[in-house]
Amino acid sequence: MLIETETTPNPATLKFLPGRAVMAGGGTRDFANPEAADASPLAAALFGLGDVTGVFFGGDFISVTAAPGTDWSGLKPDVLAVLVDHFAANMPLFAPGSATEINVPGEHELTDDPADADIIDQIKDLIATRIRPAVQGDGGDIAYRGFDKGKVYLSMHGACAGCPSSTATLKNGIEQLLRYYVPEVTEVRAI
């Protein structure tokens, strides 16, 4: 089995492409620590390598974030071995009974004003069609969290969480695009 790797804008994160679907239906799953990885044997095995601080499952990729100071030349073969073993054995991505289909709103989820429904629909459409595919191409994901008085609140996941260039991406890319197409947007903030 051949698993391709790609660098991401975050030097601590590599993107692994197993050549098959990882998360069916276009969903994503972010594991920020070993405790969160208990729901997935694959994520738990990756955290078990010791130098892994984050695992993210995308539609057709897995992003792995290494601890600060970790040399990827030593960690990459270990990650590849775990991935090859997992996919070659057709192991399940999630443990039975792990509640993988339950969607719990994030702790920073805002309650949108119904009067802003048209604006919010435009924002969500732009995120889904123009922004999210580009962010996923870099090994991460972006999620809409709310709109309040001109400010759009987004959360970054996977390779994009903690990436040194994520602030520039938000301000110089995403904010400009949203402000251009949706004049009511005045600012974009990460939460």
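In this predicted model, the side chains of Ser155 and Arg145 form a polar contact at 3.2 Å. Ser155 belongs to strand 7, which covers residues 151-158.

**Surroundings of Ser155**
- Ser155 has a relative accessible area of 5%, and because this is under the 20% limit, the residue counts as buried.
- Leaving aside residues up to four places away in sequence, Ser155 touches Asp141, Ile142, Ala143, Arg145 and Ile191.

**The chain as a whole**
- The protein chain contains 4 helices and 8 strands, arranged from the N terminus in the order β-β-β-α-β-β-α-α-β-β-α-β.
- The protein chain has 191 residues, of which 41% count as buried.
- Among contacts with a separation of 6 or more, 61% link residues 24 or more positions apart.

- Strand 5 (residues 62-66) is largely enclosed by the rest of the structure, because 5 of its 5 residues are buried.
- In a regular strand, side chains alternate between the two faces of the sheet.
- Ile62, Val64 and Ala66 are buried on one side of strand 5, and Ser63 and Thr65 are buried on the other.
- Strand 2 (residues 13-17) pairs with strand 5 in the antiparallel sense over 4 bridges; Lys15 has Ser63 as its bridge partner there.
- Strand 4 (residues 52-57) also runs antiparallel to strand 5, joined by 5 bridges, and Val52 is bridged to Ala66.
- A hairpin of 4 residues connects strand 4 to strand 5.

Technical notes
Residues are numbered from 1 along each chain as its sequence is written. This is a predicted model: local features need pLDDT of at least 70, side-chain atom pairs count only at pLDDT 80 or more; totals for chains, interfaces and linings use all residues. Side-chain values use heavy atoms; hydrogens and water are left out. Helices (H or I, at least four residues) and strands (E, at least two) are DSSP runs, numbered from the N terminus. Buried means under 20% relative accessible area, exposed over 50%, partly exposed in between (1.4 Å probe, protein chains only). A polar contact is a pair of N or O atoms within 3.5 Å; within protein, one must be able to donate a hydrogen and the other to accept it, and residues adjacent in sequence count only if both atoms are side-chain atoms. Contact means heavy atoms within 4.5 Å. Two strands pair if DSSP finds at least two bridges between them.
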